[in-house]
Amino acid sequence: MEHVKYLILGAGPAGLTFARNLLDQNEDSFLVIEQEKTAGGLCRSKEVDGAPFDIGGGHFLDVKRPKVNEFLFRFMPKEEWSLFERDSRIWVKGMTINHPFESNIWQMDMDRQIEYLVSISRAGCNNGEPMPEKFIDWIQWKLGDKIAQDYMIPYNQKMFADELNLLGTFWLEKLPNVSFEETLRSCLTHRAYGTQPGHAFFYYPKKYGYGEVWLRIADSMAEHMVYEQTVDEIDFNKRMVSTKSGAKWEADVIVTTIPWTCVDKLTGMPEQMRSSLRKELKHSSIETRYVPEKLDTEAQWIYVPEKEKPFHRILVRHNFCKNSNGYWLETRKERTKDYTEDACYHYMNEYAYPLNTVGKPEVIQKILNFGRERNVYGLGRWGEHSHYNSDLIVEMAMNMAEKIVK
């Protein structure tokens with residue numbers, strides 16, 4: 001059985017960044033274990049119809065973390081990226097408006113504007129009502145019944161789960177924050193007000209898919225990469241990892257970036273904790289599907305709340321990926337049955353989005369604390385079961401490497 005100082009599970013952005021930062025600190029006793037044939041995790045890319053297709057959906061490099069960009073530009077220089085101002089829109093009631101919805105009601109006709117404004121004015125947050133604990137109740141409390149019914153409820157049901165009251169409200173910093181006063185001001189001045197939480201400006205590779213930068217990071221430490229090994233067991237007492245092929249490794253420190261629920265055996269973890277893990281750590285599965293035709297739009301993202309459409313989001317590839325055609329759709333697994341024929345290419349991501357269930361924060365914190373006491377650390381979207389974007393994950397991985405490397 002091989003022993004290493006650091007054993008990293010998963011070769012997505014979290015695992016690769018942490019591992020590369022070990023090497024940057026002159027630590028070479030580590031391995032990265034990955035179940036796929038290539039690195040990148042949800043940020044992997046494939047060539048489809050002569051151009052890149054990101055199999056995990058819409059992943060881009062936000063500009064707002066210079067330290068992260070500086071790190072990634074070491075492997076894929078800035079000259080190989082294009083800078084874009086985000087153009088995302090919502091397809092609702094037979095028309096498209098810019099995102100976020102409540103900042104761009106002014107793009108609708110006057111009668112609709114009045115309907116939405118009246119509804120927002122009656123929302124609980126504008127009338128002194130306390131903030132609810134469940135997500136679907138929060139939507140109506142924050143945005144009013146009409147935006148809830150026309151957009152937020154159907155869209156989030158399509159993306160996450162049919163029963164939205166499974167979700168809590170602790171994760172809402174990911175959503176735009178627009179007050180009623182800002183909505184009213186936007187209608188009067190015909191310009192958007194309020195804040196967008198991420199990707200207002202973003203980088204995307206000029207020639208490759210987003211997966212290219214992760215491949216280059218993996219290649220920079222190729223002797224530390226082990227592919228096609230699916231983790232079967234994490235032993236917290238022995239700090240040992242076993243895979244379905246029978247391979248075993250021991251480590252001083254284990255950093256896991258893979259979903260806790262995909263590991264069959266969590267040896268040494270109390271039964272009650274394992275039971276809570278299985279109950280609360282839910283996820284959604286998302287298919288990405290390529291459509292080989294151009295759309296007449298300048299948008300890069302289009303959100304689609306209409307229930308009759310299986311997909312919830314369109315990524316318009318030819319508006320951010322040079323010399324490409326077509327677009328791709330994102331569809332929750334349960335809704336793919338509504339497609340009547342196969343696409344040119346489609347890929348199912350079993351683990352796409354961690355669901356922010358009401359009881360998740362308490363359960364994942366107990367798991368992370370339990371593991372940390374035994375030198376087993378959860379990191380990233382799946383290690384911490386939180387819907388983090390890749391730029392934030394890179395920053396977190398860099399900080400963890402600085403903190404725990406001894």
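Predicted model: local features only at pLDDT ≥ 70, side-chain atom pairs only at ≥ 80, totals over all residues.
Colleague: Which residues have the most contacts inside the largest nonpolar core?
Modeller: The largest nonpolar core has 91 residues. Helix H4, residues 135-159, gives the largest share of this core, 13 residues. Those with the most contacts inside the core are Phe-18, Phe-101 and Phe-135.

Colleague: Leaving aside its neighbours within four places in sequence, with which residues is Phe-18 in contact?
Modeller: Phe-18 is among the residues with the most contacts inside the largest nonpolar core. Once neighbours within four places in sequence are set aside, the contacts of Phe-18 are Tyr-6, Ile-8, Val-255, Leu-379, Ala-397, Met-400, Ala-401 and Ile-404.

Colleague: How many residues has the other core, which includes Leu-31 and Ile-33?
Modeller: This core lies apart from the one of 91 residues. Its members include Leu-31, Ile-33, Phe-236 and Leu-368. The number of residues in this core is 28.

Colleague: Which strand pairs with both E5 and E6 in the open sheet of 3 strands?
Modeller: Strands E5 (61-62) and E6 (81-85) are the edge strands, and each pairs on one side only. E5 has 2 antiparallel bridges to strand E9, residues 201-205, with Asp-62 bridged to Phe-202. The order of the sheet is E5-E9-E6, and the strand asked for is E9.

Colleague: Are Met-240, Val-241, Ser-242 and Thr-243 of strand E12 buried or exposed?
Modeller: In a regular strand, side chains alternate between the two faces of the sheet. In E12, residues 240-243, Met-240 and Ser-242 lie on one side, with Val-241 and Thr-243 on the other. Both faces of E12 are covered, and these four residues are all buried.

Colleague: Which residue in E12 is the bridge partner of Glu-233?
Modeller: Strand E11 (residues 231-235) and E12 pair in the antiparallel sense over 4 bridges. The two strands form a hairpin with 4 residues between them, and Arg-239 in the turn has a positive phi of about 50°. The bridge partner of Glu-233 is Ser-242.

Colleague: Which residue in the turn between E12 and E13 has a positive phi?
Modeller: E12 and E13 are joined by 3 antiparallel bridges, and Val-241 has Trp-249 as its bridge partner in E13. They form a hairpin with 4 residues between them. With a phi of about 100°, the residue is Gly-246.

Colleague: Why does Glu-250 count as partly exposed?
Modeller: Glu-250 is found in strand E13, residues 248-256. Beyond its neighbours within four places in sequence, Glu-250 has contacts that include Met-1, Val-4, Lys-238 and Met-240. Glu-250 and Val-4 are 246 residues apart in sequence, yet 6.4 Å apart in space, C-alpha to C-alpha. Glu-250 counts as partly exposed because its relative accessibility is 28%.

Colleague: Which element gives the largest share of the lining of the second largest pocket?
Modeller: About 680 Å³ of space lies in this pocket. Of its 35 lining residues, the closest to its centre are Gly-41, Leu-42, Pro-259, Tyr-351 and Trp-382. Helix H1 (13-24), strand E19 (345-354), helix H9 (380-383) and helix H10 (390-404) each give two or more residues. The largest share, 5 residues, comes from E19.

Colleague: How many charged residues are in the lining of the largest cavity?
Modeller: The largest cavity holds about 30 Å³ of space. Its lining consists of Phe-160, Leu-167, Trp-171, Pro-354, Leu-355 and Asn-356. By class, the lining has 5 nonpolar residues and 1 polar residue, and the number of charged residues is none.

Notes. Residues numbered from 1 in each chain as written. Heavy atoms only, no water. Core = buried A, V, L, I, M, F, W, Y, C linked by side-chain atoms within 4.5 Å. Buried < 20%, exposed > 50% of the residue type's maximum accessible area, 1.4 Å probe, protein only. Contact = heavy atoms within 4.5 Å. Pairing = 2+ DSSP bridges. 1 Å grid on protein atoms, 1.4 Å probe; cavity = no way out; pocket = protein on both sides within 12 Å on 5 of 7 lines; lining within 4 Å. Points joined across faces, edges and corners; volume = space filled by probe spheres on them. Nonpolar A, V, L, I, M, F, W, Y, C, P; charged D, E, K, R; others polar.
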